[in-house]
Each structure stands twice: as structure tokens, then as C-alpha cells.
Amino acid sequence: MRLTDFIIPLMISFILIHGLVKGVDVFNEFLDGAKDGLMIGVKILPALVALMTCMGMFKASGALDVLTYAISPLSSAIGFPPECVPLALLRPLSGSGALVLFEGVLSEHGPDSFIGRVASVLMGSTETTFYTIAIYFGVTKVTRTRQCLAAAITADFAGFIASAITVRLFLGI
Amino acid sequence: MMKWVFSALILLSVVFGMMNGQMSEVTNAALEECSTAVTLFLSLVGVMALWSGLMNVAVKSGATNFITRLFRPIAKLLFKGLDPNSKAFQAISMNMTANLLGLGNAATPLGLEAMSELEKENKGSKIASNHMVMLVVINTASIQLIPTTIAALRLKHGSASPFEIIPAILLASIFSVISAVLIVIAFRKTGLKKDAQDNFTENGKEQK
């Protein structure tokens, strides 16, 4: 049993107890929220179908191997597993696309392998940068976003490098 | 943007499939992967519903307010000069809280609300204000306490400990956010003059 095994059960208990103490109808509010969660899932389903299909084709054709091979000298120089390179490339562009690749990495290499762990940390510590920038500035009249893109891409890159380092640090190889 | 990624991936796979003589694999992939997508959806949607449900309870009971209050000092530091009682500041701290709890769907509307409040302060300028840049960059570098979607997928693939990656994710996120904030601050000083000049030349062009 690890410390992290306690996080979820304790958090769920805390939320429910706090809700009951404050007089919240915890069951009905749960159902309301769960409905929203389902709706998000339904919303991303078409994108999942589109992206899983094109990623599956890309992989089956051998093109992914060529791409990974081309970038591998660079990635191994910074200690980043080459198997996670396609994931790192797609992550800033598309959340559901990255999810698809992540799933592929897990089924191929296993979630508890070094590669699977780096992919997990990479997924958790970076965001869909371009999408976020587009919708956030979309509500304003701003056309010049200044240092925004540079900083956001730096953050992604730092996240990629850090994911390999932190996995080694906390979980070993 | 995605239309290019989507088309390029499919066209490239057809070209590579022909060159490698793997057209039958490409065909199978096209027909099989679309139904795999539905399986993936089914394995994710339960956790998403559970988490959204619990978070709705936490929002209604005010448990999330506590975390918003914890965030105030950090938000004050990052958004120097912004009135802590303003609507924009409130929305920003709630946006950061929602991000931390992994509530993407709650974080985005709050972030957009904060953006339109900042827009009022920016007086409709075409150049992003410092606060705007900071808010967007913080949102592109996610910090998440409980990565539920990732854990759900790890569990699905037989992980012995789906949540073991939490400390690593937190440290990597903090590293990525700090580097983003440093870049924002570094370029805030050097970038302004150039921006002012660019704005000037843009105006000049408009006058012609």
C-alpha cells in the first residue's frame, strides 16, 4: 500500500462529509455534475474517432517509426524516451489526439514501464497550448499576443524534459 | 490547425503504406481504430462523470472556496497591480483553483470571464496586456492535483499503482509553470519597447 493509494478515497470522503455538514443534497448535486461529465465525454467522442483512425493508419503505415527514428538522437540527448516523442509533438496541438497516442503507449509498453510513466507525467504536466491560446484571446480584441506563445512553448518543452527527470527521481528507471 | 494535422496524417500514411508495402495494415487500421475509439471513450467517461459529480458537490458546499483563498497570495504576486477585489482577480483565482482540481470544463469559462474583464482594463487595445499574457500562459501550463483521466487509462492497462505518478506530475508541472512565468517576466521588460514601436509602425501604415 502506497501513500498515493489514500489520496482518492480520502478526498472523496472529505468532499462528501464537507457537503453533508454544509447541508448540501450531495446525491442530487453529484448527479448534476456527473451529467456534465458525461456530456463532455460525448462531446470529445467524434474527435476521438477521427484522431484514433488517422493515428492508427499513420502507425500501421510505418510512418511513425520513420518520424520517431528521425527525432531520436535529439530526444535521447536530453534523456527523453524516443517512444514518447510523437506524444510530445501532438500534445500542444490536440488534447484528444494526445489521449489517443497516450493510450497507444500504455498498451504497447505498459503503464508501469519507464516509457509508460514518462508518458503519464507528460500528459499530466502539459496542456493543449495552441487551443488554449486561441480560445482565450478569442474573447478579446487582441491580435498581438506578445511573448505569450514563446512562454507557452517554453513551458511545454520544460514539461517534456521535466517528465523524464521527475520519473527517474521518484520512481527510478 | 487540426484540419492540416488530420489530413497530413492520413495522406502521409497512404504514401508510407504504399512505399513500405503495408497497405493491408493501413486498411485494417482505418477500420479497426474507429471502433477502438469508442472503447476508449467508454473506459474514460465513467471516471469523468464520477469526478465532475464530486466536484459539483465540492463547489456547492464551498469546499473549493478554501482553495481559492489559498491561491490569493500567489495570484497577487503573479498579477501585480491588479485590484484583489476586482471581478477579474476573483475570476482568475477561481480559474486557477479549477485548474488545480482538474476541472477543465469549469476552468475555461472562468478563464474566459477573467479575460473579458482584463479586456475592459486594456481598453480594447490590440496588444495583449501583461495580465492577459500571464493568465493565458498559466492556463497553457497545467497544474493538476489529481490527474483522473490519466489514472483511469493507467488502470485500464493494468497499472499496479495508477496514482504513483502524482508526485512526478506535480514537480514537472511546477517546473514548467515556473519556466513559463520566468519567460513572461523576462520578455515583459525587453518586449514592451519593441511592441510599442511595432504598434507605432502599424498605425503609420494605417495612416497611409
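Which residue of chain A forms a salt bridge with Glu164(B)? The legends below describe close-up views of a predicted model.

**View 1. Salt bridge between Glu164(B) and Arg117(A).** The partner of Glu164(B) is Arg117(A), and the closest N and O atoms of this salt bridge are 2.7 Å apart. Between chain B and chain A the count is 4 salt bridges. Over all chains, the count comes to 7 salt bridges.

**View 2. Salt bridge between Lys60(B) and Glu29(A).** The side chains of these two residues meet with an N to O distance of 3.2 Å. Lys60(B) lies in helix H2 of chain B and Glu29(A) in helix H2 (residues 26–60) of chain A, so the pair joins two chains. Side chains of opposite charge can pair when their charged atoms come close.

**View 3. Packing of helix H7 of chain A with helix H6 of chain B.** The crossing of H7(A) and H6(B) is right-handed. On the side of H7(A), the residues in contact are Thr129(A), Thr132(A), Ile133(A), Tyr136(A) and Phe137(A). They meet Met132(B), Leu135(B), Val136(B), Asn139(B) and Thr140(B) in H6(B). By class, the residues of this contact are 6 nonpolar, 4 polar and no charged.

**View 4. The contact between chain B and chain A.** Chain B contributes 101 residues and chain A 93 residues. Together the chains bury about 8,200 Å² between them, with 75% of this area on carbon and sulfur atoms. The count of residue pairs in polar contact between chain B and chain A is 22, with both residues at pLDDT 80 or more. On the side of chain B that touches chain A, the elements giving two or more residues are helices H1 (2–20), H2 (23–61), H5 (104–121), H6, H7 (148–156) and H8 (166–207) of chain B. H2(B) gives the most to this side, with 26 residues. The side of chain B that touches chain A has 57 nonpolar, 32 polar and 12 charged residues.

Terms used:
Residues numbered from 1 in each chain as written. Chains lettered and ligands numbered in written order. Predicted model: local features only at pLDDT ≥ 70, side-chain atom pairs only at ≥ 80, totals over all residues. Heavy atoms only, no water. Axes fitted to C-alpha atoms, helices over the stretch in contact; angles between N-to-C directions. Helix = DSSP H or I, 4+ residues; strand = E, 2+ residues; numbered from the N terminus. Left-handed = near helix turned anticlockwise from the far one by under 90°. Contact = heavy atoms within 4.5 Å. Nonpolar A, V, L, I, M, F, W, Y, C, P; charged D, E, K, R; others polar. Buried area = accessible area lost by both parts, 1.4 Å probe. Polar contact = N/O pair within 3.5 Å; in protein donor to acceptor, adjacent residues only side chain to side chain.
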